[in-house]
Amino acid sequence: MRLRFKPNAIPEMKENDKIYFYPKDMRGKWASVFANDNPIYLEIGAGKGDFIIEMAKRYPNINFIALEMNTNAFVIASRKIEEEGLTNVIGLVDYAEDLEEAFDEGEIDRIYINFSTPWPKTRHHKRRLSHPRFLEIYKKIMVPCGIVEQKTDDRPFFDDSLKYFEDFDMEILEYDYDLAEEDSIVTEYERKWRDRGIPINYAKAKFKN
């Protein structure tokens, strides 16, 4: 279901000191934002923030950044971040294509891609967040041997993603065509597919250097 346009979403988020808009001036300085040297995990396409906020609760010694461009959804995430009072999670309004402008080499330890748009038409495949075009970007901002995790309900997209990882000479550490519910943080979006009996595909892949 399409989210209703929220005209006050951007002004509201700009009042939240946990949300950053296109912060090119923060490149290489994210450790100072968190005021520690803990690993930084990035979710690309965080939506309403359910996954990243639960992760931040479970792993207080990890820093989390939620990236999203849909401000109608992300304003909900920004409220949750503020309400929870978490010190290890922030939000970033920006494009995945511009990650190199927001992050320096080696700043990110892990990337999550949860239920991103599958872009089924061949001419649109380069827009997929698991496509080699994006893997090249991720590798530049990640530590050596950084890890990418993906979840999707779209099997053809998932099969293509596994091939992307292999073609990019990544090591596939795990993959599952029917991820058990107890092994997943089940967000509202994921629940929709599970309730329909649609299997959730999961993969964990590592850059080799």
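Helices, at least four residues long, and strands, at least two, are DSSP runs numbered from the N terminus. The views below show a predicted model.

**View 1. The loop that carries R123.** R123 sits between β5 and α6, in the loop that joins them. Strand β5 covers residues 108-114, and helix α6 covers 132-141. The relative accessible area of R123 is 65%. Exposed means over 50%, so R123 counts as exposed.

**View 2. A positive surface patch.** Five residues form the patch: K121, R123, K126, R127 and R133. R123, the loop residue of View 1, is one of the members of this patch.

**View 3. L99 in helix α5.** Helix α5 runs over residues 99-102 and includes L99. The relative accessibility of L99 is 1%. The limit for buried is under 20%, so L99 is buried. F134 lies 35 residues from L99 along the chain. The C-alpha atoms of L99 and F134 are 9.5 Å apart.

**View 4. The whole protein, for context.** Eight helices and eight strands make up the secondary structure elements of the protein. The radius of gyration is 16 Å, close to the 17 Å given by the globule rule for 209 residues, so the protein is as compact as a globular protein of that length. The C-alpha trace spans about 40 × 40 × 35 Å along its principal axes. Of the 209 residues, 47% are buried.

Technical notes: Residues numbered from 1 in each chain as written. Predicted model: local features only at pLDDT ≥ 70, side-chain atom pairs only at ≥ 80, totals over all residues. Heavy atoms only, no water. Patch = residues over 30% accessible without salt bridge, like charges linked within 9 Å, V, L, I, M, F, W, Y side chains within 5 Å. Areas by Shrake-Rupley, 256 points an atom, 1.4 Å probe, with all protein chains shown as cover. Salt bridge = Lys/Arg side-chain N within 4 Å of Asp/Glu carboxyl O. Lys, Arg positive; Asp, Glu negative; His and termini not counted. Charge placed at Lys NZ, Arg CZ, Asp CG, Glu CD. Buried < 20%, exposed > 50% of the residue type's maximum accessible area, 1.4 Å probe, protein only. Rg over C-alpha atoms; globule rule 2.2 N^0.38 Å.
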